[in-house]
Amino acid sequence: MEDSTAKSCGDLKRNSVKPDGCCCTPSAQREGDVEASLPSHPDAGSGIASLKSAMISLPGGSFLMGTDYDKGFPADGEGPVRKVTLSPFQIDTCAVTNEEFAAFAETTGYRTDAERFGWSFVFWAHIPVELRAKLVEDTVASAPWWCKVSGANWRQPEGLHSDLANRAGHPVVHVSWNDAAAYARWAGKSLPTEAQWEYAARGGLEQKLYPWGDELTPGGEHRCNVWQGTFPSEDTAEDGYAGTCPVDTFPPNGYGLYCITGNVWEWCADWFRTAFRADRVLCDPKGPATGQTRVMKGGSFLCHASYCNRYRVAARTSNTPDSSTSNLGFRCVRNN
């Protein structure tokens, strides 16, 4: 592997794509009327019989959401810590897999935003050196490790030369918020609110950094799929993976949820905002009524303490609803 991204995507194209969103997952800046061009959604619940994904029922109740962690990102709206009360709900134990998304696409004929627009963002090191000049159309100006790759989508995660061989149980990626919401509707479910996602991710623990506690690798054991090495030039893959891993790879949290942090970012239902109040208890909060970007939680295999330690349960970022990348997926909930 090259010593720096100066020898990778940064040398191939003009670095003109502007990262409007967090550079953890750059915004697509796609042209066209997304809402008008989306295919009609199938009837809610029509895909239930085709799904194999397991769900777990959570009792709801009150928990402390957010964090005042001094190594966090206050500008992201991680704090203040506030009391939230939730009604009971069910949540997928794992992120939606390629196999599950394929069942949806094959049944409905649905085409994702990446498929319709003809490109998506791929991490530079996952594109073969000999194909970079051919596949990479552009790179993100301030994050040249993100490459705009023609033909990249959920079926071809690294571009036209790639496929899903041996990745049926990996999380589906290159799915926009629009795509995730369409799948959830078909499955008779919905995307989790940010509060539901964080409550579930905490696994019954109070104000811990991770789903299992405050230490990233307790006893030297890796508990999630994140970056090891020097970002973005060298990934030592000490946790066993340099890209996505199967959705049930690491031990589950206290509620039985797998890979709720690391592996891939997960879309939430809420529009993104950064101002919260701590002087009252919020009941089943759903976020603002409107916005420009949607909440994403959990971090991904690209997160590293030196660059983006957003693999903490309280960490958050956002992206535009039509954006897609090679480290962005989702899981679903069903409200009781």
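Which residues are linked with E194 in a network of salt bridges? The network joins E194, E198, R202, K297 and R316, where a salt bridge is a side-chain nitrogen of Lys or Arg within 4 Å of a carboxyl oxygen of Asp or Glu.

The model is predicted, so local features need pLDDT of at least 70 and side-chain atom pairs count only at pLDDT 80 or more, whereas totals for chains, interfaces and linings use all residues. Residues are numbered from 1 along each chain as its sequence is written, and side-chain values use heavy atoms, with hydrogens and water left out.

## Salt bridges

In the whole structure, the search finds 15 salt bridges, and the table gives three of these pairs.

| Pair | Closest N to O |
|---|---|
| R167 and E158 | 3.0 Å |

Helices (H or I, at least four residues) and strands (E, at least two) are DSSP runs, numbered from the N terminus. E194 and R316 are both buried, a word that stands for under 20% relative accessible area, with exposed meaning over 50% and partly exposed in between (1.4 Å probe, protein chains only).

Helix α7 is largely enclosed by the rest of the structure, because nine of its nine residues are buried. These buried residues are E194, A195, Q196, W197, E198, Y199, A200, A201 and R202, and just after the helix G203 takes a positive phi of about 60°.

In helix α3 (residues 98–108), the buried residues are N98, E100, F101, A102, A103, F104 and A105, and what covers them includes α6, contact being counted for heavy atoms within 4.5 Å. The residue that follows α3 is G109, with a positive phi near 75°.

## Pocket and cavities

Rolling a probe the size of a water molecule over the atoms shows where empty space is left. On a 1 Å grid over the protein atoms alone, a cavity is a set of points where a 1.4 Å probe fits but cannot get out, while a pocket is an open set with protein on both sides within 12 Å along at least five of seven lines; lining residues have an atom within 4 Å of a point. Grid points are joined across faces, edges and corners, and a volume is the space filled by probe spheres set on the points.

The largest pocket holds about 340 Å³ of space. It is lined by 17 residues, and S190, T193, Q196, K286 and N335 are the closest to its centre. Helix α6 (residues 177–186) gives the largest share of this lining, three residues. By class, the lining of the largest pocket has nine nonpolar, six polar and two charged residues, where Ala, Val, Leu, Ile, Met, Phe, Trp, Tyr, Cys and Pro count as nonpolar, Asp, Glu, Lys and Arg as charged, and the others, Gly among them, as polar.

Two cavities of 30 Å³ or more are found in the whole structure. The largest cavity has a volume of about 110 Å³, and of its 13 lining residues E194, D270, R273, F276 and G287 lie nearest the centre. The elements that give two or more residues to this lining are α7 (194–202) and β10 (265–271), and its classes are seven nonpolar, one polar and five charged residues.

The second largest cavity holds about 30 Å³ of space, and its lining consists of C24, W145, W146, F231, S300, L302, C303, Y307 and N327. In this lining seven residues are nonpolar, two are polar and none is charged.

## Surroundings of R223

R223 is found in the loop between α7 and β8 (229–230) and is partly exposed, with a relative accessible area of 24%. Not counting residues up to four places away in sequence, R223 touches W212, L216, P218, F250 and P251.
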